[in-house]
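Me: I have a structure to go through. Can you walk me through it?
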Amino acid sequence: DAIIQSQRPVYNSNYNSLLLNIQDRTFDFDYADLQSLNYNDNAYTSQITSLFAYYAYLILAYDYESFSKEGGTLFFQDAQTVCNNIPQSERTKYKGWSQFDASISFTNGTINRFIMVDNWLNPRYKDMRLAFYTYHFSGLDKMYTDASQSRSAITASLTLLQKINVDNPNLQPLRSFFASKYTELINLYSKGDMSEKAVVTQMLTTLDPINAEKYKQIQKSK
């Protein structure tokens with residue numbers, strides 16, 4: 001197993017927001033002592049370097065995506081290239097690289113690496129990318145000037161995610177988002193007014209049923 005996490009700073013604060021928090025339960029590779037780790041963007045060299053490259057690109061993609069609209073595209077494409085370079089024989093031996101590894105679902109952070117980047121690059125989920133950018137750049141990064149307005153921007157991003165959730169509630173980037181953000185969302189909305197708390201608690205409970213009980217803390221806070 002491997003746990004992959006990344007953070008990005010929030011403007012004009014000493015707070016870092018968790019962007020990525022996933023668990024890869026198929027982080028399998030063979031390695032011989034003192035084996036050199038060579039990587040080539042254009043060809044498969046080894047399982048371990050492919051894993052490192054994939055997650056390096058995914059971390060970069062999430063970071064850039066949070067600062068500009070669809071800013072992570074090139075890095076998502078690079079991560080997709082890593083997936084595509086895996087030979088068929090290695091896809092059979094090592095799980096998580098193929099769209100046909102359907103048994104690997106995003107449960108408790110488990111990731112199918114191919115499906116994750118394919119979802120991000122799918123035009124069908126364009127609103128998810130807008131929501132991700134809005135949440136960070138128009139929401140968190142503006143919190144220092146007007147907290148209420150920033151929460152409104154974050155609520156707008158959650159409204160976009162509602163549409164995605166209806167379309168595909170098991171979408172890996174969507175599940176990844178809430179695995180990273182549920183604690184942050186509780187803290188953000190605990191500072192809102194009662195009417196806002198009630199609306200958002202209901203929204204979050206629907207969007208993220210895994211953490212439904214935890215979201216009840218929002219309305220209990222003063």
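Me: What should the 18 residues of helix H7 span at 1.5 Å a residue?
Reply: This is a predicted model: local features need pLDDT of at least 70, side-chain atom pairs need 80 or more, and totals for chains, interfaces and linings use all residues. Residues are numbered from 1 along each chain as its sequence is written, and side-chain values use heavy atoms, without hydrogens or water. H7 (residues 172-189) should span 26 Å. Its end C-alpha atoms are 24 Å apart, which agrees. Helices are DSSP runs of at least four residues (H or I), strands of at least two (E), numbered from the N terminus. The expected span is 1.5 Å times one less than the number of residues.

Me: Where is the kink in H7 centred?
Reply: On Lys181, with a kink of about 55°. The bend is the angle between axes fitted to the seven residues ending there and the seven starting there.

Me: How many residues of H7 are buried?
Reply: 14 of the 18, so H7 is largely enclosed by the rest of the structure. Buried means under 20% relative accessible area, exposed over 50%, partly exposed in between (1.4 Å probe, protein chains only).

Me: Back to Lys181. Which residue does Lys181 form a salt bridge with?
Reply: Glu184, with the closest N and O atoms 3.3 Å apart. A salt bridge puts a side-chain nitrogen of Lys or Arg within 4 Å of a carboxyl oxygen of Asp or Glu. Lys181 and Glu184 are three residues apart in H7, so about one helical turn separates them. Both are buried.

Me: New topic. How many salt bridges does the structure hold?
Reply: Ten. One of them joins Asp141 and Arg8, at 2.7 Å between the closest N and O atoms. Those two are 133 residues apart.
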